[in-house]
Amino acid sequence: MKKPAPTLALGPVLYLWDGPKWRDFYFRIADEAPVSHVTVGETVCSKRLHFTEPYIADVIERLQTAGKTVRVVSLAIVTLERESQYVRSLIRDSGHIVEANDLSALRLLNGRPHAVGPLVNVYNVAAARVLAARGATSICLPPELPMRSVAQIVAGVPEVAFEVFSFGRVPLAISARCAHARSKGHTKDNCQFVCSEDPDGLSVDTLEHRPFLALNGVQTVSHTCQALVGELSDLALCGVSRFVLSPQDCDMVAVSRVYDDVLKHHIDVEDAMSRLHQIYPGVPLSNGFHHGQVGAAWIAHTKSVSLGAEI
Amino acid sequence: MELICPAGTPASFREAVDAGADVVYCGFRDETNARNFPGLNFTRKELEQSIAYAQSKGTQTYVALNTFMRAGDEIVWYEAVDDAVRLGADAVIVADFGLMAYVAEYHPRQRLHVSVQASASNVDAINFLVDAFGAKRVVLPRILTIPDIARIARQITCEIEVFVFGGLCVMAEGRCSLSSYATGKSPNMNGVCSPASHVRYRQDGNDLVSELGDYTINRFPDGEAAGYPTLCKGRFEVAGQYGYAFEDPVSLDVMDHIDGLREAGVCALKIEGRQRGKAYVAEVVSTLRRTLSADSRSRPALIHRLKLLSEGQQTTSGAYEKRWR
């Protein structure tokens with residue numbers, strides 16, 4: 001059976017944006033962005049939930065009215081009783097597809113259709129089969145997964161729609177400790193939400209002033225922006241269903257149009273790259289994880305790294 | 001409480017057994033475990049001999065198979081499980097739920113433990129792995145306080161093991177790609193973090209600079225001991241300030257909380273350090289063994305001795321104490 005042409009999905013906003021900015025971002029996505037799926041909600045830190053809570057119903061309604069498939073995201077790290085209760089109520093009460101980002105959500109979603117997010121460790125066909133048997137209908141593969149593994153997994157579990165993290169700073173790690181709060185003289189328990197001062201992350205530079213990583217509350221993301229563009233056609237050929245764009249503090253409607261234009265063969269890879277550099281200036285692009293290399297690296301797109309040669 | 005001790009070589013294994021370990025854990029000499037370092041770990045033959053030695057002394061052996069299977073090469077992990085079972089491992093320690101499914105299906109009588117790398121940090125997550133794969137024990141991630149552990153213990157049916165001494169992951173285990181971002185090699189995929197193959201030291205004036213891949217991880221003025229450049233324990237610049245952005249180069253030591261851990265419902269205490277030499281293993285294991293059985297008057301001296309064993313490093317209680325966050 002031939003799979004339908006791949007589409008674009010928008011991942012959850014990973015950063016703490018103020019409520020109105022967050023709402024207006026999604027309103028514009030609803031009205032203008034060529035994405036089929038949108039995942040909304042807080043996945044990084046349970047302390048932030050109240051910032052978006054007053055707006056989420058309006059955002060979901062606007063997205064659905066625009067014809068988007070809406071999913072709500074679960075927390076990536078669940079340790080407190082309050083957090084467990086939140087995930088349970090999210091799954092119990094949500095009329096939408098839930099995107100699981102930790103093992104607790106996977107248990108609670110057993111037997112009903114759900115999505116699996118990029119922070120669940122699916123490195124092989126066996127793990128994907130476990131999730132499919134429990135009701136997962138889509139799985140976003142971990143960003144560090146190389147193409148060779150992506151192709152194996154997609155071919156091995158044809159009943160699942162697979163997604164690949166294709167644009168955005170890569171979520172690399174999450175901790176019980178909040179390095180972001182600590183960098184500003186606070187602890188996690190008394191953080192005063194200082195991560196909201198850095199809507200695109202707070203740069204972590206080497207001692208030689210070279211940007212390396214970025215802090216996003218308890219999460220650490222890459223300094224580089226993963227941009228799979230020249231790789232899209234190979235990924236589509238191997239059966240990937242959706243390309244996930246992770247919101248950065250830039251014009252994400254413009255980003256989604258670039259990816260849409262590439263998928264429709266309206267522009268070539270070079271045009272797409274130069275447009276991405278203009279839309280999200282000052283942040284180097286990377287694709288090393290996809291090529292099994294250093295994640296921060298940019299591997300120039302040549303025929304030698306096409307699907308045929310790599311497998 | 002059981003004392004679970006590391007062994008990276010057959011010699012360390014014997015030392016750990018002789019020093020009073022209840023259990024020794026180890027891995028095969030390949031990418032199937034999270035200490036895939038050159039010169040470390042066990043051939044099948046060495047594991048067979050080590051298990052025989054352990055059994056002769058009434059000590060158990062756990063085999064760590066706690067990396068994530070590479071798609072297309074699952075057979076490497078499946079054969080490692082088959083061999084661990086055949087050679088008599090008392091438990092296998094697994095992180096990948098694809099591999100847990102294999103253990104449950106093909107070796108249903110084999111005792112399955114959930115690795116710290118699985119990141120099962122709450123009641124629902126643990127119950128998922130107990131219900132789906134028959135897991136008998138969970139090694140909790142180092143992101144929980146002792147009250148968190150006590151609350152979880154009351155609501156799960158499997159045993160709880162925690163790390164108490166040795167290396168400390170700052171990030172939630174099994175969910176960190178910092179190493180592969182800088183070097184292409186990660187704990188999940190390759191069983192290595194900040195691998196020595198990508199470490200370089202360079203003299204810059206009076207400073208010794210340590211690098212991981214293309215990135216400077218630390219800089220040591222003349223006279224300051226140069227630590228290993230583990231990525232999350234490096235010095236960086238954040239908002240114009242220089243320092244340890246994630247964590248100081250500390251190691252974990254929560255032996256002064258063992259009563260709290262016991263009351264919380266923990267049944268096994270784990271020592272990190274399969275990469276350590278046999279003399280270190282022997283000393284740490286015997287000191288911890290004595291600490292566990294010591295009365296409250298003699299315990300402080302033993303705990304002080306342990307601090308000296310942390311290679312002169314500072315130690316921390318990590319996430320077990322709330323203020324660490």
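Two strands pair if DSSP finds at least two bridges between them, and the strands and helices named on this tour are DSSP runs (E, at least two residues, for strands; H or I, at least four, for helices), numbered from the N terminus. This is a predicted model, in which local features need pLDDT of at least 70 and side-chain atom pairs count only at pLDDT 80 or more, while totals for chains, interfaces and linings use all residues. Residues are numbered from 1 along each chain as its sequence is written, chains are lettered from A and ligands numbered from 1 in the order in which they are written, and side-chain values use heavy atoms, with hydrogens and water left out.

Then select residues 97-100 of chain A, strand β4, which runs parallel to β3(A) and is joined to it by three bridges, with E99(A) standing opposite V73(A).

Now turn to the positions that UniProt, in an unreviewed entry, lists for "binding site", namely C45(A), C178(A), C191(A) and C195(A), bearing in mind that such annotations may be inferred rather than shown by experiment. Although they span 151 residues in sequence, no two of their C-alpha atoms are more than 11.5 Å apart, so they gather at one spot.

Finish on C178(A), found in the loop between β7 (161-174) and α8 (179-183) of chain A, and buried at 7% relative accessible area.

Technical notes
Buried means under 20% relative accessible area, exposed over 50%, partly exposed in between (1.4 Å probe, protein chains only).
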